[in-house]
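Here are some notes for a first look at the model. Please keep the sequence and structure open while reading.

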Number of protein chains: 2
Amino acid sequence: MKKLTLDNIAELAGVSRATVSRVINGYPHIKPDVRERVQAIITKTGFTPNPIARSLASDRSGIIGLVIPNSPRMVFTDPYFPTLIQGISQATNRLSLTLSLFLLASTDDEDRTIRSLLSTGLLDGVIITADRREDSFVPRFMDHGLPFVLIGRPEKNADITYIDCDNFAGGYMAAEHLIKLGRRRVAIVGSNGNTAGDDRISGYRKALQDHGLVEDTALIMCGDFSMQSGYDVMKMILHAKPDAVFVASDTMALGVLRAIREAGLRVPDDIALVGFDDLPPALQADPPLTTIRQPIEELGVMAVEHLHKLIGKDAPKAVHTILPTTL
Amino acid sequence: MKKLTLDNIAELAGVSRATVSRVINGYPHIKPDVRERVQAIITKTGFTPNPIARSLASDRSGIIGLVIPNSPRMVFTDPYFPTLIQGISQATNRLSLTLSLFLLASTDDEDRTIRSLLSTGLLDGVIITADRREDSFVPRFMDHGLPFVLIGRPEKNADITYIDCDNFAGGYMAAEHLIKLGRRRVAIVGSNGNTAGDDRISGYRKALQDHGLVEDTALIMCGDFSMQSGYDVMKMILHAKPDAVFVASDTMALGVLRAIREAGLRVPDDIALVGFDDLPPALQADPPLTTIRQPIEELGVMAVEHLHKLIGKDAPKAVHTILPTTL
DNA sequence: CTTCATTTTGAGAGCGCTTTCAATTAGCGG
DNA sequence: CCGCTAATTGAAAGCGCTCTCAAAATGAAG
């Protein structure tokens with residue numbers, strides 16, 4: 001089973017290499033019978049064109065990168081990323097793209113990796129998961145001209161392609177849900193430093209306002225998406241006697257749950273709880289958690305699809321928002 | 001900032017392209033001053049050789065694949081994989097390799113992906129995470145001749161490079177620890193269908209035997225690494241009145257914990273618990289979990305290093321075992 | 001049966017780098 | 001200084017595929 005080349009196929013089919021190439025790439029203007037003959041030989045021999053040679057000649061690799069900045073263990077441990085990757089992988093498979101992964105651990109790492117990413121030109125494009133530090137390198141991609149899409153709303157640059165879910169609406173729904181349950185002291189364990197968290201908080205605020213409740217700053221605190229931070233933050237909030245909490249991530253919600261329990265209070269009797277993500281952890285919580293569903297996997301799929309379009313031709317900046325639902 | 005090529009650098013340095021190539025690849029036999037001059041220009045211009053052209057010419061891409069079979073959400077949600085990936089990524093970064101990810105969702109997917117993986121020859125080698133179904137495609141890699149290393153002990157093929165941690169010892173330590181605590185009815189929530197689980201169970205058995213305890217089949221049951229399965233399985237085991245349990249994964253241990261609580265029993269007073277993995281979830285459990293530490297990240301690092309060696313020259317089959325420790 | 005516009009093909013020039021192979025230069029002993 | 005081996009370089013042939021350009025084949029029109 002030695003390596004076959006275009007020339008081999010060409011010879012077998014009695015045509016020129018160019019013709020075989022055309023057949024493979026589905027060009028028009030090929031006599032049907034020739035196309036068929038070539039096609040037959042290709043399938044019979046199981047020939048696959050060498051992607052590297054192809055890349056060199058066409059200046060396109062079929063490889064896209066997924067850049068995850070800020071990936072200390074804590075962040076990566078949240079099921080959010082695996083789920084996202086799942087979606088991305090699924091989409092790349094379907095589009096016959098190869099996915100390659102870039103986890104930026106340290107800041108050094110970040111700089112070096114991105115530099116090489118850009119300079120080698122191996123990738124056709126990248127998907128970047130937004131992050132508080134996103135602004136430090138997004139401009140580099142823009143300058144360079146490498147197509148990319150952001151997952152998550154960027155802080156500043158409005159004119160770039162990104163895809164996000166409706167965090168504002170999610171926050172709003174969560175808060176509203178709690179309010180409609182008759183709760184008056186609705187707290188929030190948010191997350192600052194990233195737009196997703198900001199938006200969820202904004203949504204929460206708007207809901208309170210729309211329902212005539214006054215914000216109590218003692219009921220608004222932020223964690224960092226870890227279970228531990230949820231626990232810590234909730235402990236503080238408990239002093240302010242909330243009767244409901246909206247937690248901006250299921251993982252944190254688990255911590256929150258523990259804090260509440262330790263305080264001898266019950267969920268949802270004493271304090272009602274709504275999480276965000278709808279990932280497995282939520283379901284497996286002791287009293288199944290009410291949570292705002294976020295279509296993470298779809299987020300990944302769409303990111304790939306968008307990127308694919310960007311690479312192919314040229315689409316204008318697309319701004320997408322996907323709707324969450326209460327469970 | 002247009003694309004530079006070897007020729008450009010060569011011209012700037014007043015030497016031939018071949019010489020520049022030699023400098024870049026660190027060949028001997030180059031006059032020091034020439035080497036220096038070329039080097040200077042390279043750093044000044046920030047030139048990076050085009051990896052694709054390089055691959056085509058040298059028949060080596062610098063890309064390695066990570067194949068994760070059986071990646072339905074459940075499996076991928078366990079922090080085990082993210083952690084492993086973290087380690088792998090770190091190592092590939094250091095060795096300037098590019099990592100690309102292949103998640104095999106369905107069986108179709110699996111077949112198709114592997115076929116293309118092998119036929120395109122894009123990858124220099126692959127890391128495969130072992131799995132009950134591993135045997136279905138490992139042979140394909142062997143036949144093909146693509147270098148690969150397995151993470152986890154293979155079921156049959158002894159003559160392939162793999163890297164695993166000492167699951168047997170881990171199981172042994174866990175059981176022994178519980179026995180030394182004075183427990184007599186030590187149960188195990190294991191996992192079947194994969195060698196890691198098998199080995200942990202074997203270790204557990206040996207420990208019981210060595211300490212003169214008789215196995216009670218009602219105390220030996222298997223889950224599938226999910227929290228839910230831990231919960232379900234533990235419920236059954238409870239009927240057999242255990243006074244200790246060794247759970248083969250922290251994630252399952254969380255489920256087990258819940259089952260115990262719901263039965264109105266306390267940990268560790270009524271039932272002592274030891275987990276396996278030492279991943280964040282364990283620490284965040286209500287009473288911090290005692291767990292067998294498994295060096296997952298190192299597993300990834302070593303896998304990459306081994307693969308790198310395999311690709312470079314040729315090492316005989318290496319069989320590695322890394323030691324776990326009780327926490 | 002020509003003629004001219006098309007449709008189909010093939011030849012061949014790269015893509016940017018690695019790697020012989022041979023030519024050029026240096027280093028040394030005599 | 002000359003001859004000879006060893007250290008340095010450069011020229012050029014690919015790697016396997018894409019794509020332009022022009023030639024060859026086909027067909028409609030006259």
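Which residue just after helix 2 of chain B takes a positive phi? B:G26 does, at about 60 degrees. Helices here are DSSP runs of H or I with at least four residues, strands are E runs of at least two, and both are numbered from the N terminus.

1. Ground rules. The model is predicted: local features need pLDDT of at least 70, side-chain atom pairs count only at pLDDT 80 or more, and totals for chains, interfaces and linings use all residues. Residues are numbered from 1 along each chain as its sequence is written, while chains are lettered from A and ligands numbered from 1 in the order in which they are written.

2. Chain A overall. Chain A has 14 helices and 12 strands. Of its 327 residues, 50% are buried. Buried means that 20 or more other C-beta atoms, placed from the backbone, lie within 10 Å of the residue's own.

3. The protein interface. Here 39 residues of chain A are in contact with 39 residues of chain B. Contact means C-beta atoms, placed from the backbone, within 7 Å. Helix 6 of chain A gives the most to its side, with seven residues. That side divides into 15 nonpolar, 20 polar and four charged residues. Nonpolar covers Ala, Val, Leu, Ile, Met, Phe, Trp, Tyr, Cys and Pro; charged covers Asp, Glu, Lys and Arg; the others, Gly among them, are polar.

4. DNA strand C. Helix 4 of chain B gives the most, with five residues. The surface holds 13 nonpolar, eight polar and five charged residues.

5. DNA strand D. Helix 4 of chain A has the largest share, five residues. By class there are 13 nonpolar, eight polar and five charged.

6. Helix 2 of chain B. Its buried residues are B:T19, B:V20 and B:V23. They lie on the same side of helix 2 of chain B because they cover an arc of only 100 degrees around the axis. The arc is that of the directions from the helix axis to the C-beta atoms. Their cover includes helix 1 (6-13) and helix 3 (32-45) of chain B.

Notes:
Two residues are in contact if their C-beta atoms, placed from the backbone, lie within 7 Å. A residue is buried if 20 or more other C-beta atoms lie within 10 Å of its own, exposed if 12 or fewer, and partly exposed in between; C-beta atoms are placed from the backbone.
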